[in-house]
Amino acid sequence: TQGAEAKDFKPEFKDFQAVYNEIAKALQENDDYDDGSYGPVLVRLAWHASGTYDKVTGTGGSNGATMRFDPESSHGANAGLINARNFLEPIKAKFPWISYSDLWILGGVTAIQEMQGPKIPYRPGRLDRDFTSCTPDGRLPDAAQGADHVRNIFYRMGFNDQEIVALAGAHALGRCHTSNSGFDGPWTFSPTVMTNDYFKLLINSKWQWRKWDGPKQYEDKETKSLMMLPADIAFIQDKTFKQTVEKYAADNDVFFKDFSAVIVKLFELGVPFTEANPTYVFKTLEQ
Ligand code: CCH
């Protein structure tokens, strides 16, 4: 059934689990990328595909996978995500029945679970759209800005303050690349493992401006090997945000539970599911 065309094939749980397994195996096999994993960049692809959503107009969101096309593929915020899209191409070739938009989100779900994160329930049903559905530039957050900007961006998608902080915990993963954003470095010491370390470090480390030629960013005073963006430091400068940072720094289980719930919400923004779309919880490769 693997090679069947979309029109004559009704995929079930086992078919999506097979795609999950293939992504998970490719993550293991391609351990020469960045800090040893394509996981973080897959999470970022799923987030940038989803985070264009505008609740007022109902435009954007993960339904469509419009980042395949110009102008969205060339938006500054999406620099470097070609690596994630290319990583998933052989998976798409092996399972042609899955839409790009379902595949990109499954890539994010797989990456989070395989990097020891919480289970992320998944609903298929997204359909690909063409370039005419590309969203305008400027819908994703600008890392150089602070709490007001972050609120404006995420309120537009329909999130509240607690949900914004929970989502930001994804910065436990991955790093900034001067070639993509101009910023440089990882947020945590274990950028390929999902933890609440982002929150712990925000609270417990001393953050100072880094002295360098690049864009304004923070470094930890002690090791100078970690970074925070101005938009990250906003979460401890703003009293309301900071309370939630403290909650997640104190309890990884609470963070994992809230992170799972809010990333499911992110991944489903603007997706016209019907009653016929079941929710799947995938086994990790280890299980
Ligand atoms: Fe992020 N993020 N992000 N981010 N992000 C970057 C990298 C990752 C902001 C800015 C940046 C979320 C929210 C925000 C990831 C997940 C999420 C980079 C570096 C910048 C800049 C890109 C580069 O140079 O390659 C800002 C600003 C916000 C909010 O205000 C949310 C929400 C999520 C997911 C839920 C992940 C993962 C990465 C690492 C990517 C990699 O390639 O390692």
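Analyst: Domain bounds are taken from an automatic or database domain assignment. Here that assignment gives domain 1 (6-139 + 262-267) and domain 2 (147-259). Residues are numbered from 1 along each chain as its sequence is written. The model is predicted: local features need pLDDT of at least 70 and side-chain atom pairs count only at pLDDT 80 or more, while totals for chains, interfaces and linings use all residues.

User: How many residues of domain 1 are in contact with domain 2, and which elements contribute to that side?

Analyst: Two residues are in contact if their C-beta atoms, placed from the backbone, lie within 7 Å. By this criterion, 23 residues of domain 1 are in contact with 22 residues of domain 2. Helices (H or I, at least four residues) and strands (E, at least two) are DSSP runs, numbered from the N terminus. On the side of domain 1 that touches domain 2, the elements giving two or more residues are helix 2 and helix 10 (252-267). Helix 2 supplies the largest share, five residues.

User: How is the shell around the ligand described, and which residues come nearest?

Analyst: A residue is near a molecule if its C-beta atom, placed from the backbone, lies within 6 Å of it. There are 24 residues around the ligand, of which Pro141, Ala170, Gly174, Asn180 and Ser181 come nearest. Helix 2 (39-50), helix 6 (161-168) and strand 1 (175-176) each provide at least two residues of this shell, and helix 2 gives the most, with five.

User: What makes up the largest nonpolar core?

Analyst: A residue is buried if 20 or more other C-beta atoms lie within 10 Å of its own, exposed if 12 or fewer, and partly exposed in between, with C-beta atoms placed from the backbone. A nonpolar core is a set of buried Ala, Val, Leu, Ile, Met, Phe, Trp, Tyr and Cys residues joined through C-beta atoms within 7 Å. The largest one has 73 residues, and Ala46, Trp104 and Leu106 have the most contacts inside it. Helix 4 (residues 100-114) gives the most to this core, with eight residues. Leaving aside neighbours within four places in sequence, Trp104 is in contact with Leu45, Ala46, Ala49, Ser62, Ala65 and Leu88.
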